[in-house]
Each structure stands twice: as structure tokens, then as C-alpha cells.
Amino acid sequence: MSMILTDYKGANLFDELVDASGKIRPYYRNVADKLSSLGNEELSQKLRSLELLFLKQGITFTVYGDEKGTERVFPFDPFPRVVPAGEWEHIEAGLVQRITALNLFLYDVYHEQRIIKDGIIPPEVVFGASHYRPEFVGVSVPKDAYIHVCGTDLIRDQDGRYLVLEDNGRCPSGVSYVLENRAAMKRVFPQLFGASGVRPVDTYPADLLATLRHVAPHENPNPNVVLLTPGVHNSAYFEHSFLARQMSIEIVEGRDLIALDGFVYMRTTRGLRQVDVIYRRIDDDFLDPQVFRKDSCLGVPGLVDAVRRGNVALANAIGTGVADDKVTYAYVPDMIRYYLCQEPILDQVPTYLAWRDSDKKYILENLPKLVVKAANESGGYGMLIGPTATAAQIEEFRQKVTAHPRNYIAQPVVNFSQHPTLVDGGLEGRHVDLRPFVLWGDTVKVLPGGLTRVALTRGSLVVNSSQGGGSKDTWVLAA
């Protein structure tokens, strides 16, 4: 067996491939058999083909501040993650429930604020969030939809339970790698798909476009939709250009747009053309220098006025960041019970909030045992993993938590699941998470699978590409 599956062993945590007795899980048998049938030379050739394909396609990401250079080919591991149909039904139901509650929460906190008045969420949680936008209280958004695209990160605990790690409701990235990973696997490993019954993912661009068109102002049947990018130096620019091509819409920068008399227009060689919907991949702070950061050259002066007048729709809406604040995250189960009168389908990681005196005391006394996260950071930044941290790093976070308790949460270390990963010609277990993508349009659609991110460094729990992580194709089985 070229992939030495016979030598692969699980660990003292949940292994995606093998059960506690070391037997391959039934839904992985087809993949394991097909990959094991490849000779070493054939497998090596296919791996080289994958690397060349990713290079030619320009499937890259950016690492800022690295002396070796910023642009990297996105690391990809060819051993796919397999999710059986029953597991996926559970995940999908939980994600639909979650985005429904989050959109109801966002509408509420920008209008009646019932959840605060009824004492379900303390006011300081909402009003103290750095991405809460009081300027948008009372402002209507099309179809009352705030989060149109959500990327929710899931992990599996020791018992194999799926837990929500965080919600990404501002400008979630990574879906382009889902689509490109699948295309590459089908091209280089076509024999794997023959009898596997894998659900397709290639409808996502059409589904995304339909979601964007759904929120067009004034019920325009043929809206002009554009994708607004910070530009080629942004870490996710590959994804921006990829999605714009796939949807056959224009990709624009702030300088390509102009706001006049409460409308937004795109500059073209034939003159100005009105824009109805903007899929923005720029954070709130940089959207409009007349309202937010005055030094921003990325946005469009007057854009917010056009949004307030209801003449242009933004996806995602301004102010959604309050919903993916890591302090707000702790209250999502309460949101589900409050707005939907349901119990959460998906559990989440127990969370200590440093702004609570009792929680802060526990955090400061147990820093070497906990994962501490900055409430508004992402990409694996602003985080302390206590068991692997140095004394100096622990002391640094002690001071940060003490000085700014609202800005920090802590969670127990979850040794989340591992998946076999090709390392130096053999298979080794590496930690993985899963980011499914959810679209909120006329219906809620969940992309079957999502981005499985893998921590390529042995023992690492950080899967972000900016921190040395890679990805895998994720197969949701049809039955």
C-alpha cells in the first residue's frame, strides 16, 4: 500500500478515518481502497500534478510581514475528508438554525433591542463590541437580511461531537478554495469519484449570485451586482477575482465607484452605470471615509448615505460584526432559545468572559491551561494557547486581560479531531476543522461540505493558512 494505511494509527482523540479499535470507518472504505491501490510512483506523479495545477491556476493566499515573501500557493492535502449523509443533515439543520437566530438578533439590536430590554444579553455585550455600529440603529436593510454569507467554523471534540467554534459574519473567506480543491481532485483523482456518491459544490457561484440579487433595492428584476475588493494586495484577492469571474460580475475597487445624489455608480468606458448590490469584501471601517475611517482610500465617499436611503444593498450589511464578536458568541444559544423557542442543535465550546469578575478570576488563575482569544481578532491572531505558551507570553496576556477584560474570552483546550494527512510520503494525523458556508437569500442554502482546514505542523491546533495551515477537499456523501 503506497499510503501505508496499515501503519496509520489513531490517537487519544477523535480520528476521522479510524474508530477507537483502529478499524477504518465504513464511509471511508472506498476512498481508502482507491488511494491504497495507487503505486508510489503514480501517487508521486499525481501529487506533482496537483502542485503544478495550483501554481498555474494561481491558487494563492497572502502572508503579511513574512520575510520569505507574501504570496504563497495554498497548501493542499489530497486525502479527502468524508462526511456521511446523516452527519451532514445534523450539521445543516444546526447551521440553518444558527444563521436564522443571528439575523433576528442583528435586526433586533439595530431596532427594538428587545433581547437587551428583556435581560437575555447584557447591554455592555452589544454596545461594547467594537463592530457594533450605533449609526445604523433604525436603518432598514433589504429583506431585513444582515448576514447574507456566513462561514461558521466547526470542530469535533473527543467524542466526535460537532461544536461551533466561531461564526464569521462579516467577510468570510475560503469558499474559492472549496471549489478549486474539488476541481483539482476531480481532474487528478477521477477514479475516486466513481462510486463515492459525493454531493457537488459547483452550484455555489450561481447560488451566491441569486442570494445577492435577492436583496436588490426596489425589487429590480435585473440588478447590477458588483464585488468590491480592497485590491490585489489583499490576502483574499484570489478569492475575490475568482468569485467575480464565476458569477460573471464586475470586480471593482473603491476608485471605480462614485456616489451621487444618494445612488452609487460604476465608472465604465460608456459612462456611469448604476450599481444595485455590492458584495463587499472590505471591512466596515474602510467603506466610507465620510462616516468611518477618514483616512480610508479603499471605500466610496457617500456610500453609507446611499445605503441609508435604500438605493444600494451591501452584502454583508454594515454592523454584522457585532454578531461574530467572540463575546457575543457565548450568547448564541440564548438567542436561539429567545427568538426561535428551540434548543440549539449544535453545541459550542464552553466560554469564559473576562468582563465577568468571577470568569476573569478563573482565567487569570488558569492561563497555562486555557485558550485565550481577543474578541475581535481573526485568522489565528491575538490568541494564546496556554499549554504551549512561554512564561513571557502568559504574562503578556495576563496584563492584556487585566487591562481590557471586555476584549478577551477564554476556553478550555479542545483536542479536536485529526485526519490522515500526507507528510513526507507517509500518513500522519493532523488536526482539522470545518468551515461550511451558508447563504441567506429567498431560502437558506448550505454548501455541502465546506473548507476543511488542516494544521500541517505536528501537534498544532492552529489551522489558519496565515499560520501555516492547509486544506482538504470535503466530501458530503449523498446517501
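## Around R114

R114 sits in helix α4 (residues 114-117); helices here are DSSP runs of H or I with at least four residues, numbered from the N terminus. The model is predicted, so local features need pLDDT of at least 70 and side-chain atom pairs count only at pLDDT 80 or more, while totals for chains, interfaces and linings use all residues. Residues are numbered from 1 along each chain as its sequence is written, and side-chain values use heavy atoms, leaving out hydrogens and water.

R114 counts as partly exposed because its relative accessibility is 41% (buried is under 20%, exposed over 50%, partly exposed in between, with a 1.4 Å probe and protein chains only). Beyond its neighbours within four places in sequence, R114 is in contact (heavy atoms within 4.5 Å) with D108, Y338 and Y339. Y338 is 224 residues away from R114 in sequence, yet their C-alpha atoms are 10.0 Å apart.

## The nonpolar cores

The largest nonpolar core holds 80 residues, and F105, I115 and M335 are among those with the most contacts inside it. Such a core is a set of buried Ala, Val, Leu, Ile, Met, Phe, Trp, Tyr and Cys residues joined through side-chain atoms within 4.5 Å. Helix α3 (residues 85-109) supplies the largest share of this core, nine residues.

Apart from this core lies another, of 29 residues, including L179 and Y204.

## Where α6 meets α9

Helix α6 (residues 175-188) packs against helix α9 (residues 237-247) at about 70°, with axes 9 Å apart. The contact involves V175, S176, Y177, L179 and E180 of α6, and F238, E239, F242 and L243 of α9.

Methods:
Helix = DSSP H or I, 4+ residues; strand = E, 2+ residues; numbered from the N terminus. Axes fitted to C-alpha atoms, helices over the stretch in contact; angles between N-to-C directions.
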